[in-house]
Amino acid sequence: MDRNVENIHLIMTKDDLSFNRKKLPEGYRFVMYRPGMMDRWVDIQVGSGHILDRSEGENYFKEVFLKKENLLEEFMVFIEDKAGNLVGTGAIWEGKHFPKDKNREYRLHWIAIDPKHGGKGLAKALISELLSLFENKKMGEGLYLSTQTCSYVAIKIYLDFGFKPCNLDIDKKGWDIVFDKINAH
């Protein structure tokens, strides 16, 4: 996450559930959320720069995720390294940006990789795993995600998975920043 870039909120949608599956590199595996993983989730989010303050992450997790902890065990995925450390996380979660659209009920949510494990394809494998989970549970025909301009590296990955920019005209300034950073137009 590049905090030197103006932070403008952006939305991306995916109507076509097809994608090229990506596998985790050797030495990593996926594990589902279990009670007690909140602290590690916060560590990953703070370490990746998604959350700047630990208490902000704890409050968010308690207010949003723990209110539906039974869903976390089904829809929050972690990546574990060979030493048993949790180094990445993401979820499929209820959306709030498209309240009347049945194909936008869910979103990819809080995708983050510990920077010490960056550049190994973990984010791509995690997104692939989450999309497979969404597809296997037949949760809908489409989904979305919310992001921000300072996550342009992640946005490039989302584009590669078939997510499309939403509100190109309304959010022109933000998308111009992203496309300039990733050299795509």
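Contact here means heavy atoms within 4.5 Å. Keep that in mind as you tour this predicted model.

**Whole chain.** Show everything as a cartoon. You will find 6 helices and 7 strands. From the N terminus they run β-β-α-α-α-β-β-β-α-β-α-β-α. The radius of gyration is 16 Å, close to the 16 Å that the globule rule gives for 185 residues, so the chain is as compact as a globular protein of that length. Its C-alpha atoms fill a box of roughly 45 × 35 × 35 Å along the principal axes.

**F163.** Select F163 and show its side chain. Look beyond residues up to four places away in sequence: F163 touches M12, T13, K14, L108, L131, L143, Y144, L145 and Y158.

**The largest core.** With F163, they touch the most other members of the largest nonpolar core, which has 38 residues. Color the elements that give two or more residues to this core: β1 (9-14), β3 (76-81), β4 (86-94), β5 (106-113), α4 (122-136), β6 (143-148), α5 (152-160) and α6 (172-182). Stop at α4, which supplies the largest share, 8 residues.

**Another core.** Select Y33, M38, W41 and F61. They are among the 17 residues of another core, which lies apart from the largest one.

**Helix α2.** Select residues 54-65. These 12 residues reach 16 Å from first C-alpha to last, close to the 16 Å expected. Which residues of α2 are buried? Highlight G57, F61 and F65. They sit on the same side of α2, because they cover an arc of only 35° around the axis. Finally, show what covers them: the list includes α1 (38-48), α3 (69-75), β3, β4 and β5.

Methods: Residues numbered from 1 in each chain as written. Predicted model: local features only at pLDDT ≥ 70, side-chain atom pairs only at ≥ 80, totals over all residues. Heavy atoms only, no water. Core = buried A, V, L, I, M, F, W, Y, C linked by side-chain atoms within 4.5 Å. Buried < 20%, exposed > 50% of the residue type's maximum accessible area, 1.4 Å probe, protein only. Helix = DSSP H or I, 4+ residues; strand = E, 2+ residues; numbered from the N terminus. Expected span 1.5 Å × (residues − 1). Arc of directions from axis to C-beta. Rg over C-alpha atoms; globule rule 2.2 N^0.38 Å.
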